[in-house]
Amino acid sequence: MKEINLTTKITVYTIEECNETEKNLIEAAKKATQHAYVPYSKFSVGAAVLLENGEIISGNNQENAAYPSGLCAERTTVFFVNANYPDQKILTIAIAAFYKGKFTKEVITPCGACRQVLLEVENRFNMPMKILMYSEEEIYCVKSVKDILPLSFGDSMLR
Ligand code: THU
């Protein structure tokens, strides 16, 4: 018998500790929450990605009366980028959530399905994607989606 211990390093920042690029990206994610289509959950999520060319693209969650047909902010944004900027690497993604009139006190973390989609982008471009998870009090930062998706399933298993 043996044990495997997995560790994750999360850097926790205050907004003041973020650099200008990170602040801009977080601001774009916060702004994007305001255009989310969330008539069912009323939980507005915004995502903003920084592309290699310096552009910032944002998106938000889009819900549907047939609940599973809706899509999270992260996937809405990443799929838009993949569709319109197929050659652009995503350097960083910032996520923010707005609920009951304010930004959440707890950091917003991507759901499992979104982590899998972010992993695909990392693998496709062979480059880690920094993830900034926002809350009113602090920001969690990881250097790669692999940090929050241990024992992941990726394309290498299909070879
Ligand atoms: N949601 C996101 O957009 N991103 C996340 O990381 C978590 C959840 C959305 C899905 C749904 O529209 C609402 O938040 C409540 O689950």
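**Positive phi, and a helix pair**

Modeller: Leu151 lies in the segment after β7. Strands (E, at least two residues) and helices (H or I, at least four) are DSSP runs, numbered from the N terminus. This is a predicted model: local features need pLDDT of at least 70, side-chain atom pairs count only at pLDDT 80 or more, and totals for chains, interfaces and linings use all residues. Residues are numbered from 1 along each chain as its sequence is written, and side-chain values use heavy atoms, with hydrogens and water left out.

Leu151 is not a glycine, yet its phi is positive, about 55 degrees. Most residues other than glycine have a negative phi. Leu151 is exposed at 79% relative accessibility. The classes are buried (under 20% relative accessible area), exposed (over 50%) and partly exposed in between, with a 1.4 Å probe and protein chains only.

Lys100 also has a positive phi, near 50 degrees. Lys100 sits in the loop between β4 and β5 (102–103). Its relative accessible area is 68%, so Lys100 is exposed.

α3 (residues 112–125) has 14 residues. From first C-alpha to last, α3 reaches 20 Å, close to the 20 Å expected at 1.5 Å a residue. The expected span is 1.5 Å times one less than the number of residues.

Which residues of α3 are buried? They are Cys114, Arg115, Val117, Leu118, Leu119, Val121, Glu122 and Phe125. These buried residues pack against α2 (73–84), β4 (90–99) and β6 (130–134). Contact means heavy atoms within 4.5 Å.

Now the helix pair. α2 and α3 pack at an angle of about 25 degrees, with their axes 9 Å apart. Axes are lines fitted to C-alpha atoms, for helices over the stretch in contact; angles run from 0 to 180 degrees between N-to-C directions. α2 and α3 are therefore roughly parallel to each other, a label for angles under 35 degrees. Their crossing is left-handed: the near helix is turned anticlockwise from the far one by less than a right angle.

On the α2 side, the contact is made by Glu74, Arg75, Val78, Phe79 and Asn82. α3 supplies Ala113, Cys114, Val117, Leu118, Val121 and Arg124. The contact residues divide into seven nonpolar, one polar and three charged. Nonpolar covers Ala, Val, Leu, Ile, Met, Phe, Trp, Tyr, Cys and Pro; charged covers Asp, Glu, Lys and Arg; the others, Gly among them, count as polar.

Note on methods:
Parallel < 35°, antiparallel > 145°, perpendicular 65-115°, else oblique.
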